[in-house]
Amino acid sequence: KHQIGENLKLLRKSANLTQQQVADALGISRSAYAYYEIGGSEPSLSVLWELAQYFQVSADSLLDTSIK
C-alpha cells in the first residue's frame with residue numbers, strides 16, 4: 001500500500017488545498033505531486049522533507065502507516 005500518498009492526500013484535504021497549490025508551493029508540477037498521492041512515484045528525500053515542512057508534520061509521520 002502507498003502510505004505516503006494516502007497521508008499526503010489526508011493532509012492536503014484537511015488543509016483545504018488543491019494539488020496545484022501544494023505543487024506550486026514546492027516548485028513541482030501538479031502531475032508530479034498527483035503521482036505522489038496515487039502512489040505512481042515516491043518523493044525524493046529532499047521533496048519528502050519539503051512536504052513535511054509544508055504540512056508542518058515530521059517526515060516520519062508522512063511515512064507512518066498508523067495515521068488515520
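**Helix packing in the predicted model**

R12 is located in helix α1, where helices (H or I, at least four residues) and strands (E, at least two) are DSSP runs numbered from the N terminus. The structure is a predicted model, in which local features need pLDDT of at least 70 and side-chain atom pairs count only at pLDDT 80 or more, whereas totals for chains, interfaces and linings use all residues. Residues are numbered from 1 along each chain as its sequence is written, and side-chain values use heavy atoms, with hydrogens and water left out.

The mean pLDDT (the predictor's confidence in each residue, from 0 to 100) of the protein chain is 91, and 91% of its residues reach 70 or more. Among the elements of the chain, the highest mean pLDDT, 97, belongs to helix α2 (residues 19-26), and the lowest, 89, to helix α5 (residues 59-63).

With a relative accessible area of 8%, R12 is buried; buried denotes under 20% relative accessible area, exposed over 50%, and partly exposed in between (1.4 Å probe, protein chains only). Neighbours within four places in sequence being set aside, R12 is in contact (heavy atoms within 4.5 Å) with L17, T18, Q19, V22, Y33, E37 and F55.

In helix α3 (residues 30-38), the buried residues are Y33, A34, Y36 and E37. These residues lie on the same side of α3, because they cover an arc of only 155 degrees around the axis, the arc being that of the directions from the helix axis to the C-beta atoms. Their cover includes α1 (3-14), α2 and α4 (45-55).

Helices α2 and α4 pack at an angle of about 115 degrees, and their axes are 10 Å apart. Axes are lines fitted to C-alpha atoms, for helices over the stretch in contact, and angles run from 0 to 180 degrees between N-to-C directions. The contact involves Q21, V22, A25 and L26 of α2 together with E50, L51, Y54 and F55 of α4. By class, six nonpolar residues, one polar and one charged make up this contact; Ala, Val, Leu, Ile, Met, Phe, Trp, Tyr, Cys and Pro count as nonpolar, Asp, Glu, Lys and Arg as charged, and the others, Gly among them, as polar.

Helix α3 is followed by G39, which has a positive phi, near 85 degrees. G39 lies in the loop between α3 and α4 and counts as buried at 19% relative accessibility. From C-alpha to C-alpha, G39 and Q21 are 19 Å apart in space, and 18 residues separate them in sequence.
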